[in-house]
Amino acid sequence: MSATEQSRSGDRTPAAEGGPVRIRKALDGLPSYRPGRPAAPAPGAEQAFKISSNENPYPPLPGVLEAVTATAGTMNRYPDMFATGLVAALADRFDVPPAHVATGTGSVGVLQQIVQATAAEGDEVVYAWRSFEAYPIVVGISGATAVQVPLAPGARHDLPAMAEAITDRTRLVFVCTPNNPTGAVVRRDELAAFLRRVPEDVLVVVDEAYREFVRDPEAVEGIDFYRRHRNVCVLRTFSKAYGLAGLRVGFAIAHDEVADALRKTAVPFGVSGVAQRAAVESLAREAELLERVEALVGERARVYDALVAQGWEIPHTEANFVWLALGERTLDFAGFCETAGLVVRPFAGEGCRVTIAEPEANDRLIRLAGEWRAG
């Protein structure tokens, strides 16, 4: 059949010759990242809610959308490759040298830059499990070996066990606090004791994507540890509290040699000019941002208390989500919620992560969780 005949018949599969292309074996068996699915209204429901991606439910801050709109007129030009204005604003905000700031396409983008800069085949990367689902993906792509250390009771990091897992092949350790998807934080004394056991040439990444939601006074503040340890790198994002998930802006704060390596492994021009401007404007309006964050923290307490009152056993959370350990019933619960117009994030065989969202979505979660328990 000719190409013209294929097109007329509706078969758009090209009749290519030859065998399959060789793909790296390191990718065999790697999980694919699963984004939260869009919410579809249930029959009879006025509105559906997506509480599966830990997004900020509020629209852009006043002034940010206007700045983005104005900047969009220059989209025919490449952005500032080194995000100079954003780096300067971040350096001022956190009182660090601009040379210690590296940017990327969301915290996942910076995460991949970190792995590319530190680990390759034959190396090991240590992290807790379950933790952020991108960790095994980016480690696997690098060809390095993932060393997963089970969580301790309370769905918390077991830092003593993680220290024991470090070998002479270890190049990198991830400490996710608050932990995604369980919400538990690492305390300052725990991280201090852990760092005393980590070799100085092993990079420790304190992944703080949800730091703005933390209210525990004993919780780690990654910047404090970065100031005292050359092998500590802090990872943050504008996707969660700042509400810029669709623009993909993340950043790391690290000492010279690490930050420089992250700039070398970054995708050139990866952070768009629109994203850079939105992040700078959001930093300038941080007081307004924190009012919204405080409202979400209040909703978090309301949801947590209501679920506990229903009989759920939930780890203490300092993030903008809660963890429901459902085990083998995880997918059943997710399906039950979806039929009622509420999309949650299931981890098959383990549990569901549910985002703290607008009050109406939270009300529906509380109602459905209660019905599930009663049923």
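Visitor: Is S131 buried or exposed?
Guide: In this predicted model, local features need pLDDT of at least 70 and side-chain atom pairs count only at pLDDT 80 or more, while totals for chains, interfaces and linings use all residues. Residues are numbered from 1 along each chain as its sequence is written, and side-chain values use heavy atoms, with hydrogens and water left out. Buried means under 20% relative accessible area, exposed over 50%, and partly exposed in between, with a 1.4 Å probe and protein chains only. Because its relative accessible area is 1%, S131 counts as buried.

Visitor: With which side chain does the side chain of S131 make a polar contact?
Guide: S131 sits in the loop between strand 3 (124–129) and helix 5 (134–142), where helices (H or I, at least four residues) and strands (E, at least two) are DSSP runs numbered from the N terminus. A polar contact is a pair of N or O atoms within 3.5 Å; within protein, one must be able to donate a hydrogen and the other to accept it, and residues adjacent in sequence count only if both atoms are side-chain atoms. At 2.6 Å, the partner of the S131 side chain is the side chain of N179.

Visitor: Which residue does UniProt list for "modified residue: N6-(pyridoxal phosphate)lysine"?
Guide: UniProt positions are given in the numbering used here, with feature names shortened, and annotations may be inferred rather than shown by experiment. The residue lies in the loop between strand 7 (232–237) and strand 8 (250–253). In the unreviewed UniProt entry, the residue listed is K240.

Visitor: Why does K240 count as buried?
Guide: Contact means heavy atoms within 4.5 Å, and K240 touches S53, N54, N56, A209, Y210 and F213, not counting residues up to four places away in sequence. A polar atom of the K240 side chain lies 3.4 Å from the backbone oxygen of S53. K240 counts as buried because its relative accessibility is 16%.

Visitor: What is the relative accessibility of Y78?
Guide: Y78 is found in the loop between helix 2 (64–71) and helix 3 (84–94). Y78 counts as exposed because its relative accessibility is 68%.
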